[in-house]
Amino acid sequence: MTRWVLGDALTRRHIREGERVLMVEAHGFARRKPYHPHKLTLVFSAMRHFRDELREDGHEVDYYRCETFGEGLDAHFDARPEDTLTLMEPASTDTDRLRELVESRGGSLEVAETALFLCDDELWSDYADDRDPPYRHEEFYRSMRRETGYLMENGDPVGGEWNYDEENREFPGEAYDPPDPPRYEPDALTEEVESWVREEFSGSYEENGGDWAAPETFIWPVTREQALDALDRFCEDRLAEFGPYQDAMLDREWALNHSLLSSSLNLGLLHPDEVVETVIDAAAEQDAPLNSVEGFVRQVIGWREFTRRVYAETDGLADANQLDQTEPLPELFWTGETDMACLSDVIDGVRKRGYSHHIERLMILSNFALIYGVDPGELNEWFHAGYVDAYHWVTTPNVVEMGSFGAGVFATKPYAASANYVNKMSDYCSGCPYYHTKASGEGSCPFNALYWDFLARNEEKLRSNHRMGLVYSHLDDKRGEKLDAIRERAAEVRTMAEDGTL
Ligand code: SF4
């Protein structure tokens, strides 16, 4: 019997002492999309570090570098005919497809429960209880709090409330100076992987219509030791102020107080239970504000678990497009070349390091694509290729459903917003050549015209949504010449985006 370890499941929790391990570094998938070089470097370097650590600890590790899983399995079963492989249940990959690959080579596959998520089948059915979508995150989160006991006291939420989001929408001011984020400089192995990635996969950019030119030095944790250090650094440096400023956006401050742990969690270098327990203990020691701790716990045991389950439970979510949006993704998402200060800074961060925080993802990038009319599938592919923490189970619910209102499987309304929101939650507008207060005419902010145009365009589908009543009454106030001028500006914005002059 051999333990088969996939590249996004680098945990020791399911590997028994002395057990033989199979790892297949398949390169074909990396050629099929224009992946950010830091994403490929992260996955391949973390896999090779994990292999080396296992070998140091006495495990036999068969590590194949090849084009496809199939080739790796051919090599494995040539050496060990009829072997049984044990695999931890993958979050994104179809288990039936993997079973077919194994069985067609004369082997068998056993699938073990995942150690990388807390919501098992039983917990999910406790929540879902045969209910049809729409699923509700807040209810799911409360059931997870009850089941895990995190931040609970005598059956009630600590502090008396389940959710302190109201306290987590502060803006720190332009002069705010957050702590420096940790950086894990590449060691010799990561440097070797990084230069191999550049040589091997740069051709796929042209073929796949995108390019992540000139990223900064690679900074992400590639080992469990580094990931644990990142967790400690978050607890020590940024936890206390994480909550109040978690929705804020500051020009040139890409990390603020965010934990930066998602790439490690999604690779298996950290486990959600240890992360949450460490944070809760650290908060108690430091007397950190409850809204900071609760906000973080909700991201991990609430949102992260919820998206993975919704992904697993919803057929066809990746292709959902209930608003029939068909615009191609503007080129500026790849180049970052736009005068729009908010988009330019956030895309610049993705190009440099394959990351931006959740509000930038939802309220700048996805919001712009939504009101512009971008096909949700195209936007999803961009996020999937560009972010170091992105896997199908993460991006599909977040981008297609939450960001693009693709299916209504849990989102109750589209997350569409005008420049008003951006101006309230960021310092971008004060340094932008566009006027955030203008909705039409030269120099008016593209977010404004696109926002009202989006509402007008989708009126038939959205007007009856009870959460949209107020915004449609505002749209009614603009009908006539005002709305005509706004829609003319929206068309102009699209032309400018196509011409590369936005
Ligand atoms: Fe973004 Fe518009 Fe503000 Fe410029 S004015 S930063 S484009 S929201």
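Of the contacts with a separation of 6 or more, 75% join residues 24 or more positions apart. Contact here means heavy atoms within 4.5 Å. Residues are numbered from 1 along each chain as its sequence is written, and side-chain values use heavy atoms, with hydrogens and water left out. Because the model is predicted, local features need pLDDT of at least 70 and side-chain atom pairs count only at pLDDT 80 or more, while totals for chains, interfaces and linings use all residues.

The overall dimensions come next. The C-alpha trace of the protein chain spans about 75 × 60 × 45 Å along its principal axes. Its radius of gyration is 23 Å, which agrees with the value near 23 Å for a compact globule of 502 residues. The radius is taken over C-alpha atoms, and the globule rule is 2.2 Å times the number of residues to the power 0.38. The secondary structure comprises 22 helices and 7 strands. These are DSSP runs numbered from the N terminus: helices are H or I with at least four residues, and strands are E with at least two.

Burial and surface were computed for the whole chain. Of its 502 residues, 59% count as buried. Buried means under 20% relative accessible area, exposed means over 50%, and partly exposed lies in between (1.4 Å probe, protein chains only). The protein chain exposes about 21100 Å². Carbon and sulfur atoms supply 42% of this area. Accessible areas come from the Shrake-Rupley method with a 1.4 Å probe; for residues, only the protein chains shown count as cover.

Charge was also counted. The protein chain has 50 positive and 100 negative side chains. Lys and Arg count as positive, Asp and Glu as negative, and His and the chain ends are not counted. The centres of the two sets lie 2 Å apart. Each charge is placed at NZ of Lys, CZ of Arg, CG of Asp or CD of Glu.

The chain is divided into three parts: domain 1 (2–112), domain 2 (121–184 + 222–313) and domain 3 (332–499). These bounds come from an automatic or database domain assignment. Taken over C-alpha atoms, the centres of domain 2 and domain 3 are 25 Å apart. Their contact takes 31 residues from domain 2 and 29 residues from domain 3.

Helix α17 covers residues 392–403. It is mostly covered, with 10 of its 12 residues buried. Among the buried residues are W393, P397, M402 and G403. The buried residues of α17 pack against α10 (262–267), α12 (290–313), α15 (358–372) and α16 (376–386). T307 lies in helix α12. T307 is buried, with a relative accessible area of 1%. Leaving aside neighbours within four places in sequence, T307 is in contact with W393, P397 and N398.

G403 also belongs to helix α17. G403 counts as buried because its relative accessibility is 1%. Beyond neighbours within four places in sequence, G403 is in contact with L362, S366, L370 and N398. G403 and P157 are 246 residues apart in sequence, and their C-alpha atoms are 29 Å apart in space. Just after α17, F405 takes a positive phi of about 50 degrees.

Several loops carry backbone features. E82 is found in the loop between α3 (69–79) and β4 (84–88). Its phi is near 65 degrees, a positive value in a residue other than glycine. E82 is exposed, with a relative accessible area of 67%. R252 sits in the loop between α9 (224–242) and α10. R252 is not a glycine, yet has a positive phi of about 70 degrees. R252 is exposed, at a relative accessible area of 69%. A cis peptide bond joins P133 and P134, with omega about 10 degrees. P134 is found in the loop between α5 (121–128) and α6 (137–148).

A further loop, between β7 (156–157) and α7 (188–201), holds E161. E161 is partly exposed, with a relative accessible area of 45%. E161 and N291 are 130 residues apart in sequence, but 9.9 Å apart in space, C-alpha to C-alpha.
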